[in-house]
Structure formats: C-alpha cells, structure tokens
Amino acid sequence: MSEDRGILRSIWDGKIPVCFTLSQDEIIAEKPEPIYQMVPRITYFPLVTEKISKHLAQYIDKEKQGEMWLECDGVPIKWHYPIGVLYDLLGSSGSLPWKLTVHFQDFPDDEIMHCLSRDVVESHFMSTLKEADALKHRCNVINGMQKKDHKQMWTGLCHDKFDQFWPINKRLMEHTGDDLFKYIPFRIYQNDLPFIQKLFKPQSEEGHEHTLDDLLKFAVPELMESTDNTIFIHGIEVPLHSPLLWLSEHFSYPDNFLHICITQISTQESSKEW
Amino acid sequence: MSLGVISEEECFGFMEDFVQRSKKSSEPWDLMEHGGKLYIYLKSWKVLSNQKDHSKVSDNSSDRISEPVETETDHTICSDEFSNACILFEYYVIYSESYSVPVLYFNVYNSNGGLVSLSDVWDLVPAHYKERLEENRWTFITQSEHPYLGRPYYQLHPCHTATLMKDVTSMTSSNACSNYLLSWLSAVGPVVLLSLPLTLASDT
C-alpha cells in the first residue's frame, strides 16, 4: 500500500474552515467577534476547541458556565464523531465557512456525550480503534502492540503529525497474502438516525473483491434503490465501484473505521439556497 | 464457546432463556427487538440508604448476593425522606457483532430525571470493585452511543468479556442450567449495582 502514500497524506491533510460564534442568549455584555479556524477533518472537536472555549468563556456569566458544547442549526454536535463526518452530515459545501454556535449552558446530555477532558476523547478513540481491530484481526494486532505504540498514535492524532501516526497505524492496516481483513470496519451515517454497523467481508464467498456498491446494497438496500442520495467519505463522492478493501486501507479515519455519510440531494440543495 | 465468545444466535437463545427465568423474580427483564436483533431491558429503582455512603444501596428485592440495607417495595414513588437518594437504573444487554459477546449498556437518573454523571456513577460502584478498577477507570465504564437509540449510555467495555467468560464457561459447561448471560451478568453486574436474584439460577 506504500505506493498510495500520497493519498493517505491528502486524506490526513483535509481541513474545513469553521466559524465559531458564541450563543447570542449567553452573552452578558460586550459581544465577542466570531472565531475562524481551519480544523482537520480527521480529528475531534474537543482537541481543537480548547483555546476557543477559553476565549469565549470570558464573555459569559461565570456562574452559569457549564461544559462547552457546539450546535449546528439547532442540532447538538456529537463530538465523538470525527469532524469530517459531522461536516459531511450537517454542513453544506455551498456555505463555507461552516457556522457553529458555541454554548456553555443547558448541556443536552440526553443527546450528546460529556467530554470534560482529553482523557475522555483518548478513551473513546482507543476503544473505537480496538473495535476496528476486533473486526479486522480479532484484536490480535492491537493487543500485540505496546502501550507506547498506542500513545504514539494518540499523540500523532492530537498534534496532527502524520509521520508519527502512520508508521504504527500501518501495522493495523496490514494483511498478508490471502489473509485479508476478517471484516471491514465501517459505519454508515444518515441524518437523525443511529449509525449502521454490520459484519461485512472484503470478499464474496466466490472470492470476488467486494466494492463499495456491494457494501451499500447489503447494509442499506432501501437507500440504494433511490437515486437522490449522495455518498461521501472525507467529503469525496467516492465511485461506487471502488474496491472496499482498498477504501478500508486508504479512506479509513484514524480510528480505522470507514465512516460513510449518506445525504439526500434534495436536502443539500435546499440548504444551499440559504 | 471455548474462547469465551458466543454467536449471535446463541446469545439470542440465552436472552430468551434469561427473560423466561426472570419472569418469576421481583425484577422481570423484557425481551425486545430492534431491526431483527433481540436485546433485553430492565428498569430498576434503587434507594441510596445514605447519601454520603453511596456504596450502600438497597433495591426492591431482598434475595441478593450483595447486602441491601433498606428495602424499597414501591417502584415509582419514593418517600420524601429518600427523595434525593432515589435513583433509576436502565439496563440494556445488546449483542456486539464486533466482539462476539453481549454488552451491558446502562443509564442512571436521579429523582428529578437528570442523568447521573460518570464521576457520580463511579461513586456508586461498591468500594471493593472500585479499588481494583481504578487503574482502568477510563476504559472500564465509558459513555458511548447506544447502538439502537443513538443516545449516550454508559457501557461496560466488552473487550475483556471474552477473557473473563473463557474461564467461566469452561467451568460450567457440564452444568445443564448454565446460561452465559446469567454467569456473565452475575459476575460484572454488581459493579454497577445490578445484582441478580438467586432464584434466576435455579432450574424450577
């Protein structure tokens, strides 16, 4: 897979311009300017919003200050999804930068998970990574690694260091000869619905390589019958005939899952008009 | 089953058996279905006997392995005396295809319906478990997304379940009434105040 290093690098470098605005209802006196930031698609919001939180918290009532959370057009942001997934689901390419509202009150704990420290993000990331390896290699690779390898992956992600992250990640992406991944770790997201995750092998029983189309027809057959859906991975409309194993190796997020977003074309167009 | 893992089909069978057994107990579990997948569910009120000592918790059954301090028989109404210390547990057992084991999801609500935070959940964990789990605090109980509801629930992480059950299943395999779920839940449940009535394990 080394010849495709350029692709891995491009995926890693994907960024989204975001405009963070403090919620109007929580400002006590002077209104702060919105904050603009380029954020990596592959990371998680709590890893990039620490400074923003500190800055905007100066403009609110200290006594009412609770845990910070983000909102997009009335929808609380699930920080435990990679930023790129959230944007592909909730954002719209017609209106960049992506506008998010910052809140410090009324944390919607029935909708989103708490995140009071980086440890929570690390534990979430490591457990997703572990689950991916359970699907690919029955946890054999991740359990065979040393703690410092896990740490190196985590700090590579935190500090946006491709060269720190990938040498270790490569081992999780390896398979030898006929011994392919047991299953492809994937999750399919649609607006408002829990994500879909099932067991799906990289090859058919007859030994044919599965494509993205095969996966979608298996996991969401009803959606594949309609033609007004767009399928995004990392903001890219991936050709349906792409080999699934190759996608898993190159288009997975750092947590080793292929996060696939399905949006309806009609809702995208109406959001563009805004 | 020798590796401590079970197939989805086996798990659904154990769920049906488990729910059947629990029907005779004071806290019957419900068998539910989501998109063709079976799972089991229990709603359980508990009364904290002393707010400062959360490890002493009573529930509405007297026949427990842990030692209940008070007995609360009313499921829905708590007396004023206990109103601040009356909490609701919701437990779900869902099969994980990734790990080939069942997973326990739960939420804890205070008497006002507010979600109890993870650090307060840790305060509820009986002291003798807490000591042992302290090292894995960030990985043993975590918040995660409920696979069917899409909302936050606490989860006992499934990555150690197979290792635990490898030993348990090899010991009980000759026992005709053994139910994987029963063995597993009676081992890990008490950590999060889920103590199974002894009657569940009896054959009749």
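This is a predicted model: local features need pLDDT of at least 70, side-chain atom pairs count only at pLDDT 80 or more; totals for chains, interfaces and linings use all residues.

Colleague: What percentage of chain A is buried?

Modeller: Of the 274 residues in chain A, 55% are buried. Buried means under 20% relative accessible area, exposed means over 50%, and partly exposed lies in between (1.4 Å probe, protein chains only).

Colleague: And how many helices and strands are there in chain A?

Modeller: Chain A has twelve helices and nine strands. Helices (H or I, at least four residues) and strands (E, at least two) are DSSP runs, numbered from the N terminus.

Colleague: What is the order of the strands in the open sheet?

Modeller: The order is E6-E9-E7-E8 in chain A, an open sheet of four strands with mixed pairing. Two strands pair if DSSP finds at least two bridges between them. Strands E6 (186-190) and E8 (236-237) of chain A stand at the edges with a single partner strand each, so one side of each is left without a neighbour in the sheet.

Colleague: How do E7 and E8 of chain A run, parallel or antiparallel?

Modeller: Strand E7 (residues 229-233) and E8 of chain A run antiparallel and are joined by two bridges. A:Ile233 stands opposite A:Ile236, which belongs to E8(A).

Colleague: Which strands does helix H4 of chain A lie across?

Modeller: Helix H4 (residues 83-90) of chain A lies across E6, E7 and strand E9 (258-264), and runs at about 10° to E9(A). The axes are lines fitted to C-alpha atoms, for helices over the stretch in contact, and angles run from 0 to 180 degrees between N-to-C directions. Contact here means heavy atoms within 4.5 Å.

Colleague: Let us change topic. How many residues does each chain bring to the contact between chain A and chain B?

Modeller: Chain A brings 24 residues and chain B brings 17 residues. The two chains bury about 1600 Å² between them, with 55% of it on carbon and sulfur atoms. Buried area is the accessible area (1.4 Å probe) that two parts lose on being put together, summed over both.

Colleague: How many salt bridges does the rule find across that interface?

Modeller: It finds one. A salt bridge is a side-chain nitrogen of Lys or Arg within 4 Å of a carboxyl oxygen of Asp or Glu. A:Lys78 pairs with B:Glu145, with the closest N and O atoms 3.5 Å apart. At 18% relative accessibility A:Lys78 counts as buried, and B:Glu145 also counts as buried, at 9%.

Colleague: And how many over all chains?

Modeller: The count comes to 14 salt bridges over all chains. One of them joins A:Asp160 and A:Lys15, at 3.9 Å from N to O. A:Asp160 lies in the loop between helix H7 (147-158) and helix H8 (162-173) of chain A, and A:Lys15 lies in strand E1 (residues 15-22) of chain A, so the pair ties together parts that are 145 residues apart in sequence.

Colleague: What about A:Arg171 and A:Asp149?

Modeller: Their side chains meet in a salt bridge, at 3.4 Å from N to O. A:Arg171 lies in helix H8 and A:Asp149 in helix H7 of chain A, so this pair ties together parts that are 22 residues apart in sequence. Salt bridges with shared partners join A:Lys148, A:Asp149 and A:Arg171 into one network.

Colleague: Finally, where is the cis peptide bond?

Modeller: A cis peptide bond joins A:Leu96 and A:Pro97, with omega about 0°. A:Pro97 is found in the loop between H4 and strand E5 (98-103) of chain A. Most residues other than glycine have a negative phi, and most peptide bonds are trans.

Colleague: What is phi of A:Asp106, then?

Modeller: Phi of A:Asp106 is near 50°, a positive value in a residue other than glycine. A:Asp106 is exposed, with a relative accessible area of 68%.

How values were computed:
Residues are numbered from 1 along each chain as its sequence is written. Chains are lettered from A and ligands numbered from 1 in the order in which they are written. Side-chain values use heavy atoms; hydrogens and water are left out.
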